[in-house]
Amino acid sequence: GIGGPNIGLNMIWPMSIIMRALTSQDDDEIMECLELLKRSSAGTGLMHESFNKDNVGSYTRPWFAWANSLFGELILKIADERPSLLF
């Protein structure tokens, strides 16, 4: 995943991983993104603004509406186009 200068070095935006999954046509890549997003939630069940690449328990914004909304869109897209990846 990618990040930006405003959140510090070694911090990844979950939104970058979500966009990778949204634009992928490869089931394995989509599953890899879903697993990484699940781990990056650090057990909260929510998407954060960013997380540390070496420690998912270190994150910014415990709840980030933009990322959560985009994640919801990803899940709906997968459920519609590739339901076997979710169910």
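Visitor: Why is the crossing of α1 and α3 called left-handed?
Guide: In this predicted model, where residues are numbered from 1 along each chain as its sequence is written, local features need pLDDT of at least 70, side-chain atom pairs count only at pLDDT 80 or more, and totals for chains, interfaces and linings use all residues. Side-chain values use heavy atoms, with hydrogens and water left out. The crossing is left-handed because the near helix is turned anticlockwise from the far one by less than a right angle.

Visitor: How are the axes of α1 and α3 placed?
Guide: Those of helix α1 (residues 14–23) and helix α3 (residues 65–81) come within 10 Å and cross at roughly 20°. The two helices therefore count as roughly parallel, the term for angles under 35 degrees. A helix here is a DSSP run of H or I, at least four residues.

Visitor: Which residues meet between α1 and α3?
Guide: Met 15, Ile 18, Met 19, Ala 21 and Leu 22 of α1 contact (heavy atoms within 4.5 Å) Trp 66, Ala 67, Leu 70, Phe 71, Leu 74 and Lys 77 of α3. By class, 10 are nonpolar, none polar and one charged; Lys, for instance, counts as charged, and Ala, Leu, Ile, Met, Phe and Trp as nonpolar.

Visitor: What makes a space a cavity?
Guide: On a 1 Å grid, a 1.4 Å probe fits there but cannot get out.

Visitor: Which residues line the largest cavity?
Guide: Ala 21, Leu 22, Ser 24, Ile 30, Lys 77, Ile 78, Glu 81 and Arg 82, as lining residues have an atom within 4 Å of a point. The largest share, three residues, comes from α3. Four are nonpolar, one polar and three charged.

Conventions. Axes are lines fitted to C-alpha atoms, for helices over the stretch in contact, and angles run from 0 to 180 degrees between N-to-C directions. Angles under 35 degrees count as roughly parallel, over 145 as roughly antiparallel, 65 to 115 as roughly perpendicular and the rest as oblique. On a 1 Å grid over the protein atoms alone, a cavity is a set of points where a 1.4 Å probe fits but cannot get out, and a pocket is an open set with protein on both sides within 12 Å along at least five of seven lines; lining residues have an atom within 4 Å of a point.
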